[in-house]
Amino acid sequence: MKTATKSIAAVVPATFVVVFFVYPVVNVLSTGLAGDGLGSLAGLFESPRERRVMWFTVWQAIASTALTLLVALPAAALVAGLSERRRRIVRALVTVPFVLPTVVVAGAFEGVFQRFGLMSGTVRLHHTVWAILLAHVFFNYAVVVRTVGTHWAGLDGRLEEQARLLGAGRWRTFTEVTLPRLKPAIASAASIVFLFSFTSFGVILILGGAGRSTIETDIYRFAVTRGDLTTAASLAVVQIVAVLALISLTTRLERQRPVATRQPRRASLVVGRAWRWANVSLMLILLGTPVAVLVERSLAVGEGYSLRHYGALVHRTRQLPVPALVAVRNSLVFAVVATALAVVVGGLASLVVVHGRRALSRVFDLGLTLPLGTSAVTIGFGILVTLDEPPLDLRTSWMIIPIAHALIGVPFVVRTMVPVLRSIDNSLREAAAVLGAAPARVRREIDLPIGSRGLVVGAGFAFAVSIGEFGATSFLPRRSDSITAPIALFRLLATPGDLLRGQAMALAVVLMVVVAAAVVAIESVRGTADGGL
Amino acid sequence: MLSVEGVSVSFGDHLALDDVSFDVGDNEIVVLLGPSGCGKSTLLRAIAGLQPLDSGRVLRHGEDLASSAPHERGIGMMFQDHALFPHRDVGQNVEFGLRMAGVASALRSTRVAEILELVGLSGFERRAVGNLSGGEAQRVALARALAPEPRVLLLDEPLGSLDRELRDRLVEELPGLLREVGISAIHVTHDHDEAFAVAEKLLVMGEGRIVRSGSPTDVWSDPRHEAAARFLGHRNIVEIGPRGEVPWGILLSDPGRVVILPDAATVLSDTNDPAVRSGRAVEVRVIGSRFRGASWEVDVETEPGGARLHFVVPAELSTGQRVYLVIDPSRVRAVS
Amino acid sequence: MRRPTVLGMATVIGLSLLATACGSEEAAGPDGIEGTTLTLLTHASFALSDSTLQDFTDQTGVRVEILESGDAGTMVSQSILSAGNPLGDVMFGIDNTFLQRGLDAGLFETYASAGLSDVPDSFQLDPLNRVTPVDFGDVCVNYWTESLESGPPADLADLTEAEFADQLVVENPETSSPGFAFLLATIATFDDWEGYWADLRANGVSVASGWEEAYNGQFVSGGGDRSLVVSYASSPPAEVFYSDPPVDVAPTGVIDESCFRQIEFAGILAGTSHRLAAEALIDFMLTPSFQNDIPLSMFVFPVIDSATLPTLFTDNVTVVDDPLTLDPAAIEAGRDEWTARWAEIMFG
């Protein structure tokens, strides 16, 4: 009985990841390394250039993660202190950057740099590492605010009040009472930010300047430009090994059991007024400026402003196979399917991570996070050469896109749900058991509804990731009428002309609005599901 | 009838339960009394199936429960801090067990209404559990445990978090309620007053073992075990020498460690009493005195810095007063 | 390249239900190809009018499904990986900078279309006819007329003059197709192309990772401050076609002497089971109805002599007579060394 129920929870996510990730990746890498794979692998570490690339990949990812945490943690505190309704809105708004294609954000950043004279001179941001770090903070801000903020909101504030009464100052209270309880969520968020930065593609190439390379961009360079699949596969192996090492480190941090959370009567907030204002301002500048630039550009026509570009989205331009709005609809359909897949796979996997045997739990944690840290080229090519025969010839099926998106969405669901599940007081599960609930029923009646706090936040992520996904999608063959909005946007920008640029900006703004609305909608599902816990 | 036979559980090197055995009869209320950490919660969890046994058996009507998972045992349990499901309202909490048992919806609501009425919370069905007071939460937890009509109910410090007044009231109500539904119950507490009020049979636990069991009166008046005596609230534990010597004189009783029951003393009002003259009485000074309604509780000392004793007497004695006491040797019990 | 089957795992979750089988096998009778569905594998810049492929279906009874991949390089790499079990029946969009790689990997089946008689020899780079030229475009330096008061540079050499300091933006040849084409232009022009790039660097050339960033980000047209950019000969007509508010004359021009020719080919993918229909599609690509649709759809030029260019093109651009070229085999052989050397010069 016990094993049967456990195995269903384990088999579905395991099958998904093995079929759509592990097997394809192993297959394409072994094909790539078939010749002189080991020699090529060793050669990487002997080449000064590749050694520099690996080192840069690692440190820029660490720096991006640290900077993002530094900037976004106070915002997470701020979010935790809001009412549930406001929290939902802010959580949705910070998700907006997620869906913006890098090329658009880069354009907006450069626009900001131009306006503030940061293109050259003493304080130059254009084509520097700082521009990369800044963009990573912009994209990943939401990860920290949503993951940590949600967890924070569930902490019992009475502990902080107690600490204050015992004479601890604000800072001591934060470091000694709040921070230890936040650690699992912070570790969770940090690992996602790290992986995103580690495998960042467009940001490195566009904002960092053409001279910068990371493992991710070099995999593309070798696999596509040079057609050197052996070196590309070697780099992909290095990337995967590095990511595995990192995840196993952070999961150890995450594992430290958080103190059980109960229904909070007061949020555990120790943020002062000045802090709040400083933070809101920073949030507005960092997230708001590029967004404002985009909105302005989408409205600009000649010397004036008009909504004309938005109107044009309804019609097909020659550069797109379908009207831009149809691409938005496609993206929505894919996002719904991808989110559903990610929720089922990630939700079940979270249960295994929390309740499974130690070894199984580790394997799941690693295996399900790995796709986030694997190059889009590796995944795209892997699926292409592996799932190429009936009954599973996915190469020409539209399902390939939501499946690839779900692979990236699953880690978000797992990472947001696991800390919440771990924080459930075990006596609730025991109470359900003695009331007659079999283990599987306990998961359904206790873990899932209470864990839904994490699940919906993860689902919101999965949805946003899918809507905005560009890299993996562009490496997958797809039918021209199933073009996604980010691909359409990129294509609009691939031909000269103000008309196309204006439409592209309008499309970007539509995407932002769509994702914000969708995330609000997804997260309000939970409001009714669990009575606003 | 539930039997626990030779149950042992250890956590690493620590032996949490050491060969524990006892029976609970049908409709009997058994109280497990012991200090925190003595293993009484572990014992409850072992009976419920939440804690695997190292050795021993738990039997219901002679049938070994080893192969039954917690949800298959038909044993109800009320948790410390109640463990109410925060994502469900009062009615949904109470009907949970019925739902698990597959009871039809209409029947469930009737049953929920009945049981809420029984615990005095009629009409609370749609209340959120987060907004309940401590006493209400406790009653909901009880209702939830009772709703599926388990044959055995385990209560783990059910009144622990409540204020005194509420607790006293519930202590009075609980046995009646349990008898009304007709159920065997094992009630765990560290409070002897609560134990005496509820128990039909009292088991005193210490360091993973049951050190004394019997009716509350028997256990109280003859604890037999020093730890049990202390835990039951006895304070007059003294060593009697080979010739009956005690710190304040002589006590005509068998040598060894004894507990002098608090009702053992008679206050002599007349200093000419033969007992005084014969030296059987001991002169003490009253150092504390508390009115307990029908009786008085007094703390006395035999001389400044000497032995301190604690008694219950029928009439008032005031602090500082010097009196003669006679200790009834038949109210002195040997302990090990 | 046989691989163990995934059937076992697939059935577990029943996803096979969701996976549509590729290249539906509506039988092409021995007499004809009617009812066949062809898969046309192409890159993400492929575009045509709705009616064009419909014409083909009306004429032949063959439906065409378009399968898009990333850029041309991605498409070729993917096709090499899936050789023997091709993604589609016909590939469109492999250009002369990637051609040799595709030919070496044996991606294509030989087919000499009758329509080739209308295509100038200069476009027919594969004597074995494994691929068929369909369109061409020239990668040239474009300029923003208004910001160059004393006129545009005349040729590549002028770009190193102080007058044009900090004005040129190029794309990284390691990540961009026009960027690579421009590197080839300099290699075809200068014996000491390395010295030329060192001069360009000294003259403040900016390197963007891709065309989108260069043109829309750094070039004046997209709001940037650089007045010279590596783009296409067809960019000026596109500027007019997609101007907003509308203009008649392109705000940009092309430096003829800088143009490197990119020719795009189509080929029948080896392993197709619809050979006859695939031949028909290749034939169709060389007919006026396909060729005349090319300029305004993809902003490149048709290859057949009898095609007519829209006035938008004839008014705004002249096709260069003697563009810069390199042999595809030389390109493939030199690519790694050239790009590596280029990166050393530019970032070293």
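A: In this predicted model, helix H17 (residues 400-422) of chain A packs against helix H19 (residues 439-468) of chain A. Their axes are 8 Å apart, and the angle is about 150°. Angles over 145 degrees count as roughly antiparallel, so H17(A) and H19(A) are roughly antiparallel to each other. The crossing of H17(A) past H19(A) is right-handed.

Now the residues. H17(A) contributes His405(A), Ile408(A), Gly409(A), Phe412(A), Val413(A), Thr416(A), Met417(A), Pro419(A), Val420(A) and Leu421(A). From H19(A), the contact residues include Asp447(A), Gly451(A), Arg453(A), Gly454(A), Leu455(A), Phe461(A) and Ser466(A). By class, the contact of H17(A) with H19(A) has 13 nonpolar, 7 polar and 2 charged residues.

Next, the surroundings of chain A. Of the 2 pairs of chains that touch, A and C have the most contacts. Chain B also meets chain A: 19 residues of chain B are in contact with 20 residues of chain A. On the chain B side, strand E6 (75-78) and helix H2 (90-100) each supply at least two residues. That side has 14 nonpolar, 5 polar and no charged residues. Chains B and C do not touch, and their nearest C-alpha atoms are 29 Å apart.

Last, confidence. The model scores ipTM 0.85 and pTM 0.83. Chain C has a mean pLDDT of 87, with 91% of its residues at 70 or more. Residues 1-31 of chain C have pLDDT below 50. Beyond near neighbours in sequence, that stretch has 50 contacts in the model.

Methods:
Residues numbered from 1 in each chain as written. Chains lettered and ligands numbered in written order. Predicted model: local features only at pLDDT ≥ 70, side-chain atom pairs only at ≥ 80, totals over all residues. pLDDT = per-residue confidence, 0-100. Contact = placed C-beta atoms within 7 Å. Helix = DSSP H or I, 4+ residues; strand = E, 2+ residues; numbered from the N terminus. Nonpolar A, V, L, I, M, F, W, Y, C, P; charged D, E, K, R; others polar. Axes fitted to C-alpha atoms, helices over the stretch in contact; angles between N-to-C directions. Parallel < 35°, antiparallel > 145°, perpendicular 65-115°, else oblique. Left-handed = near helix turned anticlockwise from the far one by under 90°.
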